Amino acid sequence: MMTLIIGGSGSGKSAFAENCIGLLAEGKKKYYLATMQVFDKEGEKKIERHRRLRSGKGFLTIEQPTAIEKALTKISEKDSCALLECMSNLVANEMFSGEIPGTEAEVTERIAAGISRLKEGLEHLVIVSNNVFEDGRQYDESTMEYIRAMGKINELLAGMADRVVEVVVGIPITVKDNSSGTGRKE
Amino acid sequence: MKLIIGGYAQGKLQYVLRKDPVEAEKIWDGQLPENGNVAEGKIILHHFHNWVKKRLAEGGCPEKEILEFIQIHPDCIIISDEIGNGIVPVDVFEREYRERTGRILIELAEKAEEVERVICGIGQRIK
């Protein structure tokens, strides 16, 4: 099963996602797929905050800033659950960490294929993604390409997902729910 | 306390006033009433995000100040733009403003009896 969780910055999406995987993964191995690369003090602080929120919740962390499907090589049990956080970092890493920036099409295809393999290899996959679409600003072309890639990927992931939830001021709003039989509704 | 959120120019104040008429002098735009300057009855804090930004720029602690305020005014209505749905700004202050406003709104939403999200002038009750 796959759940996509989307929200803006400071929306409470991470806390909700961690709760969500906690309920889904009872009694199973629970992985945290970390995609953020740290370049400065602020990044360290952000990661520190997330680690603190996760501490004691039994996550095994896998650092996977690019090529997300490779996380599977570090997961042995087929009934494992994983929380991937955050799609916005993964897309930025895939797009901008090579010598030549990846195009929207390349990045979209690569990530969609990677996620599709992850989904098959796991019992539950929860993905956190970011709403970067509503500030009405016009950025430079590479940023606009990044935003378009994010939009396309969110759309593809929402298609694959059994459940899509938007988090607004900490409140979950269900956008899609085909996960009948799990008995969990928001 | 009620919390009303939504994008820019979605008709949030008009929406609130349609349901709950409040006199103009009880609507505080981007600011909190100063001590001793508070009329009786229900108060609206409009453009709440602007107040947060102002307090951050002044080196204040909006987290603490707003919690104190709602203790004194438990029946107030807080209206705020949603500001977190964009590309994370390069500017440090802008980034902190978005992050801290988001966290404050989560806390207010937790404490609110009602949370509504307004789009196209229409409110959706989400709590």
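How many helices and strands does chain A have? Chain A has five helices and seven strands, assigned as DSSP runs (helices H or I, at least four residues; strands E, at least two) and numbered from the N terminus. The structure is a predicted model, in which local features need pLDDT of at least 70 and side-chain atom pairs count only at pLDDT 80 or more, whereas totals for chains, interfaces and linings use all residues. Residues are numbered from 1 along each chain as its sequence is written, chains are lettered from A and ligands numbered from 1 in the order in which they are written, and side-chain values use heavy atoms, with hydrogens and water left out.

Along the sequence, the elements of chain A are arranged as β-α-β-α-β-β-α-α-β-α-β-β. The C-alpha trace spans about 45 × 30 × 30 Å along its principal axes. Of the 186 residues in chain A, 49% are buried (under 20% relative accessible area, 1.4 Å probe, protein chains only). Among contacts (heavy atoms within 4.5 Å) between residues at least 6 apart in sequence, 73% join residues at least 24 apart.

Helix α4 of chain A covers residues 104–121. Its 18 residues should span 26 Å at 1.5 Å a residue, and the end C-alpha atoms are 26 Å apart, which agrees; the expected span is 1.5 Å times one less than the number of residues. The buried residues of α4(A) include A:Val107, A:Ile111, A:Ile115 and A:Leu118. An α-helix has 3.6 residues a turn, so residues three or four places apart point the same way. The buried residues of α4(A) pack against β1 (2–7), β2 (30–34), β4 (81–85), α3 (87–96), β5 (124–130) and α5 (141–160) of chain A.

Key. Buried < 20%, exposed > 50% of the residue type's maximum accessible area, 1.4 Å probe, protein only.
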